[in-house]
Amino acid sequence: MTPPRPAAPDTRPPVSAVGIESVWKFYGDFPALKNVNLEAPPGACLALIGRNGAGKTTLLRTIAGFSRPGKGAITIFGTSPREAETRRLMGYIGHGISVYDELSALENLTLYGRLYGLPNPRAAALDWLERTGLERVKDGLVREFSRGMRQRLAVARAFLHEPKVLLLDEPFTALDDRAIAVLQRLLREALASGKTIVMSTHQLREALELATHVALLNRGQVAFHGPCTLELVSDPGWVYARYGEG
Amino acid sequence: MAFFRQVFVIMAKDLRAEFRTKEAINASLSFALVVLLLFSFAFDPDEETIRAISGGLLWIVFAFAGTLLLNRSFARELNNDCLDALISAPIPGSALFLGKAFANFLLVLAVELVALPLFGIFYNVHWTSQFWQLMLVIVLTTWGMTVTGTIFSALTVNIRLREVMLPILNFPILIPALLGAMQLTSSLVAGKPITADNDSWLKMLIGFDVMYTSVSVFLVEIVLVS
């Protein structure tokens, strides 16, 4: 009997957590994204920066699978973001809080827990309400919440199913101090546990404290992409001055 | 089983949200009652005329009152960008669509079942002699109306004039179903059961429901993800 041959070494390149290959996105004839190539390895935090209208939100929404790229491909751990199993890996915080005003905080989180197929949606909801400091108002209707409480609930919703990839569209904008502190703590914990984060932001200081990589978008194109260096953290405007439109 | 559970979760969420605010159901019910009342004042038809026009009158009221409910179906998700969260959840578009369609169906049916006895009172019509056959026609037509209305509600959700666009798109599609429902309802209210003479309308209603449910389930993912 011949001994089994040793397995050949895996020479395939490691699968990136988020892969963006030659992506174009058109609104009518207007190209909102032009041949964008980016990738975020597992455990990385990619900060998308750029002026208003640069294409950050369009890119994040395309990564999240809300819209299809006109050309090119988006992959999450090598699979399409529109596949159900891939969507289970993603958590998204957009401009809206994505919770229902007519439902209570607990009902909202339990609803999303059920949609994500969590084994015990109510227990997960209660856990995240506690982690975001909302356990005392769990039965209150969201329409009665203050803005800060609503934002913390939005954060709890996005983290509820323990996603491996977090897509955050200007997550620090309009947050109160407590919500910023909660979000920064959760994002640090997420990075420490190997999760991947892609966030668009105007708040360079808050974002660069977390970012491992930075990409500057300018009129739908990647003007700069590289690791987040000490130089960038100490002078966040540098990348704009050098690669932006001035 | 997971698929049906997802459908149920979406349906329960929509019904719970609607019963908390009662925005759409109150508007729809009020509209149906006002129109029925206005018609009863505007015309003074004899018993024969009422029986002849009952199907048309009822289904015009049901269709417009139903549109008020259907308009809110996906528009409700725009508040706080909840539609994004639903689209990014790991559920098929068809489960989202069917959950919403079932919730809409129950709401529209509830409005119809309140309006129907009031129609009988306002117009002094004994409409219950073919009760179960009438219920069958109402259920089949309401499902058809709900399915097309829900898919067009998804299609028009990001349009500024969606309240106008939904009936403009939906009613032409509904013409065959409404024609059948009007014919059958008029004869059932007059006490005539469905026979071989007019059961082709019933078959057409069933065909309409099957066809538009299948097409909508197939297309909803394309409609939702631009």
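Modeller: In this predicted model, α2(B) and α5(B) pass each other in a right-handed crossing. Helix α2 of chain B covers residues 23-42, and helix α5 of chain B covers residues 93-123. Two packed helices are described by the angle between their axes and the distance between the axes. Here the angle is about 20 degrees, and the axes of α2(B) and α5(B) are 10 Å apart. Angles under 35 degrees count as roughly parallel, so α2(B) is roughly parallel to α5(B).

Now look at the residues that meet. From α2(B) come B:Ile25, B:Ser28, B:Leu29, B:Ala32, B:Leu33, B:Leu36, B:Leu37 and B:Ser40. They meet residues of α5(B), including B:Leu107, B:Val111, B:Leu118, B:Phe119 and B:Tyr123. By class, the contact of α2(B) with α5(B) has 14 nonpolar residues, two polar and no charged.

Next, move on past α5. B:Asn124 lies in the loop between α5 and α6 (131-155) of chain B. Most residues other than glycine have a negative phi. The phi of B:Asn124 is positive, near 55 degrees. B:Asn124 counts as exposed because it has 9 C-beta neighbours inside 10 Å.

Compare B:Asn80, in the loop between α3 (47-75) and α4 of chain B. The phi of B:Asn80 is positive too, near 65 degrees. B:Asn80 has 19 C-beta neighbours inside 10 Å, so B:Asn80 counts as partly exposed.

Technical notes:
Residues numbered from 1 in each chain as written. Chains lettered and ligands numbered in written order. Predicted model: local features only at pLDDT ≥ 70, side-chain atom pairs only at ≥ 80, totals over all residues. Axes fitted to C-alpha atoms, helices over the stretch in contact; angles between N-to-C directions. Helix = DSSP H or I, 4+ residues; strand = E, 2+ residues; numbered from the N terminus. Parallel < 35°, antiparallel > 145°, perpendicular 65-115°, else oblique. Left-handed = near helix turned anticlockwise from the far one by under 90°. Contact = placed C-beta atoms within 7 Å. Nonpolar A, V, L, I, M, F, W, Y, C, P; charged D, E, K, R; others polar. Buried ≥ 20, exposed ≤ 12 C-beta atoms within 10 Å, placed from the backbone.
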